[in-house]
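I opened this entry to record what I looked up in the model. The coordinates and sequence are placed below for reference.

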Amino acid sequence: MSDRLQETSNIWITGASSGIGESVTRALARGGHRLVITGRRQGALEELASVAPERIIPAAADTTSKEDLQAIAGTLENHGDLNMVILNAGTCEYLEIAHYSSDVIEKNIRTNVIGTARCLDIALPALRRSRAKGQPATLVIVSSSAWWFPFGRAEGYGASKAALTYFAHALRADLAAEGIDVVVVSPGFVKTPLTDRNDFPMPFLVSTEDAAERIVSGLARGKNEIAFPKRFTWMLKALGALPRPLIDRMSASMARKSNTEEENNG
Ligand SMILES: NC(=O)c1ccc[n+]([C@@H]2O[C@H](COP(=O)([O-])OP(=O)(O)OC[C@H]3O[C@@H](n4cnc5c(N)ncnc54)[C@H](OP(=O)(O)O)[C@@H]3O)[C@@H](O)[C@H]2O)c1
């Protein structure tokens, strides 16, 4: 039996101002936990905090900015011993191959990899302080299952989430001796403002409430890998295990179809 979330926990979550992070915040607050919530939009954070003002503290910051993060380090310290950090802030920018620009790659890497890594500058010392007092300490990194198969247009997003997952798994190895768990969350498609911009079919799309329920219950059950919905992630895993020439043919055909649709619509 896991000791995660069994007692009232102090949690920092990024990317709380919308989508998956917002629903996870609501679910954890309903469970009686105490949260510091981060995103860039102060107004959205304040609105969310108003559902349980005694237990949710807004701390606005751009997670790619070292200065912003240092400015909220005190809020985290005053919140009490930190038991869990959920690094969920992220973006998804697609590449239009006819107008290739490395800026698209940079934006994905900057927010999803560098931003997450920077959060650890303030999160890791806080988690270590909790471990030193014998308390549970868990680091949760929200990645994606998108990089398990090479999707056209997802060069930047997929590369960023592949790098982020490697980062998390290597941290898991390094932090095991200190008793700090590292959890990787790999969602399929979830209906959020991020995916509302997508102009292609999203199989097995789930709601943010459904996603939050799967994440929170997986954490409470002590899981270190949380991937959902299973019918989507198993399909991606099976496709990813095919011989490379077959994968290349399938992904090229999907990319051609999507680029033709794009041209027809544009
Ligand atoms: N939706 C899906 O299908 C799906 C699938 C797999 C993985 N994911 C991952 O799940 C996470 C949440 O995505 P979502 O779908 O819930 O998207 P979303 O609704 O757009 O939420 C993204 C969150 O990240 C925050 N954020 C973005 N850039 C930031 C920055 N530089 N500094 C601080 N906060 C920043 C946004 O807050 P502000 O705008 O206030 O800064 C917002 O709260 C992302 O890491 C995404 O890659 C999503």
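My notes on the overall fold, the surface and the cores follow.

I noted that this is a predicted model, in which local features need pLDDT of at least 70, side-chain atom pairs count only at pLDDT 80 or more, and totals for chains, interfaces and linings use all residues. Residues are numbered from 1 along each chain as its sequence is written, and side-chain values use heavy atoms, with hydrogens and water left out.

Fold. I found 9 helices and 7 strands in the protein chain, taken as DSSP runs (H or I, at least four residues, for helices; E, at least two, for strands). The radius of gyration of the protein chain is 19 Å, close to the 18 Å of the globule rule for 266 residues, so the chain is as compact as a globular protein of that length. That radius is taken over C-alpha atoms, and the rule is 2.2 Å times the number of residues to the power 0.38. The C-alpha atoms fill a box of roughly 55 × 40 × 30 Å along the principal axes.

Burial. I recorded 45% of the 266 residues as buried, meaning under 20% relative accessible area (1.4 Å probe, protein chains only).

Cores. Which members of the largest nonpolar core touch the most others? Among its 31 residues, they are Val24, Ile37 and Ile86. Such a core joins buried Ala, Val, Leu, Ile, Met, Phe, Trp, Tyr and Cys residues through side-chain atoms within 4.5 Å. A second, separate core has 28 residues, including Leu69 and Leu139.

Conventions. Buried means under 20% relative accessible area, exposed over 50%, partly exposed in between (1.4 Å probe, protein chains only).
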